[in-house]
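Subject: Structure handover

Hi,

Here is the structure I said I would pass on. Please open it alongside this email.

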Amino acid sequence: MTAEWIVFGVVVVTALAVDLLVSAKGRNPAVWSAVWIGLGLAFGGWIALRRGSEAGVTYLSAYLLEKSLSVDNLFIFILIFSLTGIPAALQRRALFWGIFGALVMRAVLIALGVELLERFRWAVYPLAALLVYAAYRMLRGEEKESRFVEQQCALCESWLARVIPIEPRLHGSRFVIRKDGRLMATPLLVALTVIETTDLVFAVDSIPAVFAVTRDPFLVYTSNVFALLGLRSLYFLLAGVIRKLRFLKIGLAVMLVLAASKLATGDLFHVPPLASLAAIASVLLASVVASLLFPGGTKACTHRNQIADVKPGTNGCEECLKTADSWVHLRMCLSCGKVGCCDSSKNKHATAHFHATGHPVMRSLEPGESWKWCYVDRIKLDEKPLPR
């Protein structure tokens, strides 16, 4: 077993080093997604050669389950970077360290989970119930999940703001800066901490699901790691289309329910690894195919006729300027041109203007951004970059 962990460690460290090197030179997300998936499958082949075909299939089942569940992270990444205003060039840095932190955190959680199941056999039942609840939350809790992420991304309300002062402006790729003698966090660090916080929630769901496939710590952890390693490339590959997979969350919820059933009845029925793999692959394939065959209607804004050709009358939030309380992230009302501070500020004057007037559509005034947000329909109208 020691030799297996050494081989695994060398492969992962090498992969992370290559990932850093390639990131510095630019990358093709499609190619590198294929590379990471190929690496995960190749490691499964090595396990099959070393331990036998059953262990190889078990690893592959756990890997496919983790990879499928990790896709749900992509929805959250999109929301986090949208709310914190992190440009694509810096998203790679936040995701790299976010995923690196997730690898460490999951090692601790998996070790605790294995110890728990070995000491208390009855623990499978609360873990199975947790998976059923996770499936329900995946289907019904999207709005609550979004509100949680929105609160954590708000620079003035994030738990990080209670630990360290936050500078609302980005400073290149730096997570912290020193300003006026004080150490301050940048929005990039806020995005990183929200990535880690939400991954903790995902890990509490996904790790018990993998325990339904195997309780071998080596297979559980390695499948988790290889599923996460390619997540950054997968995000840049699928960010533009992930929301079109409308049945994906249903498929993931079904996987969680199946995992809960297998975990709870494991002492009564033995499900062969190949059957587990077939079930996971079938559910995933069915959800993707159904999304492609029945795309559904695209959500559209119904308030475009209220957008006027207006320009900002000030270079800051109109209400904040009255009290000398400046803010850098601004939104402009596209009905009357009023400029307000965004929801990352303590005052949220842009949203307050909507509630006071009912003017539904506002535009970001951030450099390099032109997206418009409809408060009523809760939808972005466009995200075409402005010329710099």
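Predicted model: local features only at pLDDT ≥ 70, side-chain atom pairs only at ≥ 80, totals over all residues.

Helix α2

Start with α2, which runs over residues 29–51. This helix has 23 residues. From first C-alpha to last, α2 reaches 33 Å, close to the 33 Å expected at 1.5 Å a residue. Its buried residues are Pro29, Trp32, Ser33, Trp36, Gly40, Phe43, Gly44 and Ile47. A reminder for reading that list: an α-helix has 3.6 residues a turn, so residues three or four places apart point the same way. Just after α2 comes Gly52, with a positive phi of about 115°.

Phe43

Phe43 lies in α2. Is Phe43 buried or exposed? Phe43 counts as buried because its relative accessible area is 5%, and the cut-off for buried is under 20%. Which residues does Phe43 touch, leaving out those up to four places away in sequence? They are Phe8, Tyr59, Phe218, Thr222 and Phe226. Val11 and Phe43 are 32 residues apart along the chain. Their C-alpha atoms are separated by 9.1 Å.

Ser276

Ser276 sits in helix α11, residues 273–293. Ser276 is buried as well, with a relative accessible area of 8%. Setting aside residues up to four places away in sequence, Ser276 touches Ser61, Lys262 and Val271.

Two packed helices are described by the angle between their axes and the distance between the axes.

Take α4 (residues 88–119) with α7 (residues 187–211). Their axes come within 8 Å and cross at roughly 35°. The crossing of α4 and α7 is right-handed. By class, this contact has 18 nonpolar, 4 polar and 4 charged residues.

Now take α4 with α9, which covers residues 231–238. These two pack at an angle of about 145°, and their axes are 9 Å apart. α4 passes α9 in a right-handed crossing. What does each helix bring to the contact? From α4 come Ala88, Gln91, Arg92, Arg93, Leu95, Phe96 and Ile99. From α9 come Leu231, Arg232, Tyr235 and Phe236. By class, the contact of α4 with α9 divides into 7 nonpolar, 1 polar and 3 charged residues.

Best wishes

How values were computed: Residues numbered from 1 in each chain as written. Heavy atoms only, no water. Helix = DSSP H or I, 4+ residues; strand = E, 2+ residues; numbered from the N terminus. Expected span 1.5 Å × (residues − 1). Buried < 20%, exposed > 50% of the residue type's maximum accessible area, 1.4 Å probe, protein only. Contact = heavy atoms within 4.5 Å. Axes fitted to C-alpha atoms, helices over the stretch in contact; angles between N-to-C directions. Left-handed = near helix turned anticlockwise from the far one by under 90°. Nonpolar A, V, L, I, M, F, W, Y, C, P; charged D, E, K, R; others polar.
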